[in-house]
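This report describes how the chains of one structure meet. The sequence and the model come next.

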Amino acid sequence: MKKQIKNVWLPIRTLIIKEILAVWRDKKSRITLVVPPLIQLIILSHAATLDVNNISIGIFNQDSGWYSQELTQRIKGSPYFKHVYDYKKPQSIRESIDKQEVILALHLQPNFSKLVAEGNTAPVQVILDGRKSNASQIVFGYLNLIFQSYNRDILKDQGIDVPEPISIQYRSFFNPNIEYIYFTVPSLVAILSMILALMVTAMSVSRERENGTFDQLLVSPLQPWQILIGKMMPAMVISIGESTLLMIAVLFLYNIPFKGSLILLYFSMIIFLFSIVGIGLFISSICKTQQQSILGTFVFMTPTMLLSGYATPIENMPPWLQPVTNIFPIKHFFIIIRGIFLKDMPTLEVLRYSWPMVLIALFTLALSGWMFKRRLE
Amino acid sequence: MKHFSFSRFLAYFEKEVKQIMRDPSTFLIAFVLPLIMMFIFGYGVSLDADKVPLGLLVEDTSPTARSLEHAFLGTTYFDVKTSYNRSAIEEDLTGGRVRGIVVISQDFSKNLLKGVETPFQILLDGSEPNTARFVLNYAEGVVNNWVKQQKDEGKSFLTLPLRAVPRIWFNASLESRYVLLPGSIAIIMTLIGTLLTALVVAREWERGTMEAIMATPLRISEMLLAKLVPYFLLGLCAMILCIFLTVVLFQVPFRGSYFILFISTSIFLLAALGIGLVVSSTTRNQFVASQIVIIIGFLPAFMLSGFIFEISSMPWIIQMMTYIFPPRYFVTILQSSFLSGTTWALVLPSLLVMFFIASLFLGISALKMVKRID
Amino acid sequence: MSKNKDAIHITSLGKTFPGSKKAALDNINAVIRPGIITGLIGPDGAGKTTLLRLMTGLLLPSHGKVNVFGLDTVQDAERLHDITGYMPQKFGLYEDLTVIENLNLYAALHGISEKEKSEVFEKMLHFTSLGPFTTRLAGNLSGGMKQKLGLACSLLGKPKALLLDEPSVGVDPVSRRELWKMVSDLAAEGICIVWSTSYLDEADRCSEILLLNEGKLLFYGPPKDLAKQVSKGGKEEIGFEEAFIEILGGSHRGESVLTKHMSSKKVKDAPSIQIENLTKKFGDFTAARDISFTIKQGEIFGLLGPNGAGKSTIFKMLCGLLQPTEGRALVSGYSLKTAPSEARLRIGYMAQKFSLYSDLSVKENLNFFSGVYGLIGHHRQTQIEKMISIFELTPYLADNAGLLPLGFKQRLALACSLMHEPDVLFLDEPTSGVDPLVREEFWNHIQGMAAKGVTIMVTTHFIEEAEYCDRIALIYGGSSIASGTPMALKEMVRSKALPKPTLEDAFITLIEQFDQRRPL
């Protein structure tokens, strides 16, 4: 009996060793596994930020009174802006925004100081570049803070009783300074491992088909499920190795806390990668050539990146689309990996987000198993 | 171009076209993927937050607190979940089911009536920084408005010295699809130009067709041209599809010149094709080629082009890198062509740089593609 | 240098690949004259392909130079391709284009006008017998038909020099005859032809031969001089083949080392392979029609037939790679449909195209295949070591399988299909493209194994190899048109005109007779 069990697993083990060797032996592909992901992690973690800083704005001040001077001084003294341009002509606003020198410009009318001094409200025109809708709104937010304190101080100066606003204290859990990199880095670990797992599985079968070695496997006593496992496990091993490498890099290079349980992270990562490998196998079971499976991978990857809550929050999507995002395993894993990194997410919560991935994995693996079986017959 | 033979070019060109027509995967990437992306950007993805799930922890049951609770329930920005149990709602925050918690503490109304400074707490989920900031800004707004209303009751309206009058140029209603749809065209063009060509050339090396072709009288110039033209045309077709969807279906205004757009698309496609050719003739292997294309084509188009992420906010060294990749220039041209009309100050330098990159890579590929196999 | 313009001049040519210490070619000097066929022969790995690639300018020489009709292969590479035709060993057809589209492409690349085209195409389609398949995708052709199409594509131009790298590998005897005739006609027109081959009968027919071994030119001259040179010391006249084997260091005859190590199979009464009414249809095309035969244990059964006859289809159905449309196949009593795993454990399969993992080393391939077939522990180790010593793979153990010389690739492929000691061995053109020494060695193994009770089914193009088979089935147009022992087949065609028919005569005559009977 024992011997029989061994006979079932040994061929699979051989298949796995072969698959890993094929990736690891070649120096070029070994480098491909290690260097690009690290570079991507470093570059993208800094590039993919919705933080807005280092922004330049412009002011066209037609008023020479004290009140407008006070306002421009406050704006120029604020740490939010890299450079504040002074325009002399009204056309400069247009030109400056057109060539994207500034993202936002202020226009102070000639009677600004007069209006304020007389106790009236002076309108300030703020022109936003709508081509950068997100960034310009954030900058407008910064500007509003300056306006508020300006208003308060001027009123006080004028001896008017200003209602003290409620002092709002905020506490940001998990990321005290609301830094974007806390969000991108764990997400990138997930994305980069996903791309690798997907590529390795999607191509492994079509490459064997193109080289004729797949026939050689089919005439061996291996059964379809053994081949399936033999194709799954190497991708699992390689991409778990990859994410470990990335995690180590994260711990050394970034000042990001890892609060949760490593065991839970690996547990959920294995489930996540199973679901990705299932998708990869499905792609390769319907593709004849390597080219088709690479392109198929891209067609899957693009909506994944856009709809999984990485590029934009899922809450911003229309209600009918939000349930659709559940079919992307990485959506659930994003919540888990960020949760474990930053929030010390408890076991129960991890399980709650893991089971959809289990379902996806079971579905895609069953589907690709069925596709393989059908193609073999 | 000595001895350039049009008939040889035509034969190789025809072959390339037939291969494109027969492989469903090229259609997938040239027409289906653009459709998917257009629909996602047009209907789905938006940077404008709306209905963010927010927890409201109510520890104070006075009418004043009730009134503030109603103020939150009345906004369209939040999807408010009221709770009376601190640990339950904090669990929701950890689980990501609410993005922030507004705490109306026990002594809230008491303090407020006394006129004592009332600390008011907002707890945020910092793991989603963008949403956290949104929650903070808008919750602050709701609370301040509410306070003003409370105080204004019976009082005369306070005249503020300064009032900002925002005017948004090019995109008055700040629709993010106006920005994202034109930007996504750069991604599609990169995939067609760089990925597709890289794969087809690498495939010829892998399958051994290259050796046979190289021994024929076909000139390198003829081969390069015959590889470029079909994918160039395919890219233009995809471009027309994208513009049609963007302008007609999603009603994004087009304020620039179609002619300029055509010229810049052409130059961008040439640059993308040139990069694809260089990658494939260097690697001669589809797997490695596709990996390289992800790094130098796909991700820069996504991340370093300024179409989602603001370039000026990146560290300077990464800002420098964005200048190397053509998508940055193309996205600039696309966004200004659609929204602000042709701004020569932006378009002209971008065109020139793209033209330089295109000629650089096409030049390298012509040099690298020698008729030799070692 | 005007005399340079009428021939291929090879001057102290050497080529060393980067990273390799040994020269692939070392100081080659020759003048290849037009108007004749010059054979390029030598064992695998001798440097034949490298020499041809240097002549086409696809590789740069490390030293020395090649001058083709006055054009230097380095400086005038572009113009060189206007006057040369080259067929690489692995001709890369565009598999997603049809037969006629592939031909059209190469016709246009070679600058053939529309007027000439129809005539040339007719000739090519006749020689390749691809006429009925012009609209089929090249990827769906059989291996031999692909080879012929590739050949046709490279013959399209009107070159001054035609360089053919093993053009007749995998091509059936009828087509080989036609090919030889066509190329001889071209030679007669004054074209310079270099024909690399591992078939000695072809080499013997060449006007001059270049014999390469390990990068060195051993002999250059007419083939009959080779025999003279070798038998100089000896008294008796020897044939070309013996001379060839002699100059390369002797023959491998004697008991197969493989079978010496092999235990005899238990004798079973049941037939090893039993095929009943096997039929395979692809759409409305019938690739195999109503095939039935029974093969006893220890028999060597050969499938013979022209390219595209359906041999590989039958083979694939027997191995379980294709499901038959009708009929059934039993291997060692097991059905490949109902008990595929048990049946597969008993078979060994060596594919027509090299299909081991080319990016794994020789040792890793052996490890892999022994593991996949469930060999374990000590047994696995001894089997691997046995294969290494029998097939003399020791010097190559760490090399990537894809970079081996062809003969060693085939040895490795055979080794991998044998490790689990199968009852039945399927060999799809095992000796295609390998040199006579390896071929001889292979048949030595095959016959030895059969004697130990292994049943062997083999397809081949070599008529002389078919003689080694116990029984042959002649496959043509998807049907088995004749079967029996080689003697019986020859007997079928004996007539007054052919009092002593060879197997090749039988092959050709039986097909002709079948064609005449068949209503078109």
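## Chain C against chain A

About 2,500 Å² is buried between chain C and chain A, and carbon and sulfur atoms give 61% of that area. Buried area is the accessible area (1.4 Å probe) that two parts lose on being put together, summed over both. Tyr357(C), Val372(C) and Ile376(C) supply 22% of what chain C buries against chain A, more than any other three residues. In this contact (heavy atoms within 4.5 Å), 31 residues come from chain C and 26 residues from chain A.

The count of polar contacts between chain C and chain A is three residue pairs, both residues at pLDDT 80 or more. A polar contact is a pair of N or O atoms within 3.5 Å; within protein, one must be able to donate a hydrogen and the other to accept it, and residues adjacent in sequence count only if both atoms are side-chain atoms. On the side of chain C that touches chain A, the largest share, six residues, comes from helix H13(C).

## Basis of the model

This is a predicted model, in which local features need pLDDT of at least 70 and side-chain atom pairs count only at pLDDT 80 or more, while totals for chains, interfaces and linings use all residues. Residues are numbered from 1 along each chain as its sequence is written, chains are lettered from A and ligands numbered from 1 in the order in which they are written, and side-chain values use heavy atoms, with hydrogens and water left out.

## Chain B against chain A

Between chain B and chain A the buried area is about 10,000 Å², with 66% from carbon and sulfur atoms. Pro161(B), Leu162(B) and Trp169(B) supply 8% of the area that chain B buries against chain A, more than any other three residues. The contact involves 111 residues of chain B and 108 residues of chain A.

Six salt bridges (a side-chain nitrogen of Lys or Arg within 4 Å of a carboxyl oxygen of Asp or Glu) are counted between chain B and chain A. One of them joins the side chains of Glu128(B) and Arg338(A), at 3.3 Å from N to O. There are also 25 residue pairs in polar contact between chain B and chain A, both at pLDDT 80 or more.

## Strands across the B and A chains

Strand S4 (residues 122-129) of chain A pairs in the parallel sense with strand S5 (residues 162-169) of chain B, over eight bridges. Strands (E, at least two residues) and helices (H or I, at least four residues) are DSSP runs, numbered from the N terminus, and two strands pair if DSSP finds at least two bridges between them. Gln125(A) has Val165(B) as its bridge partner in S5(B).
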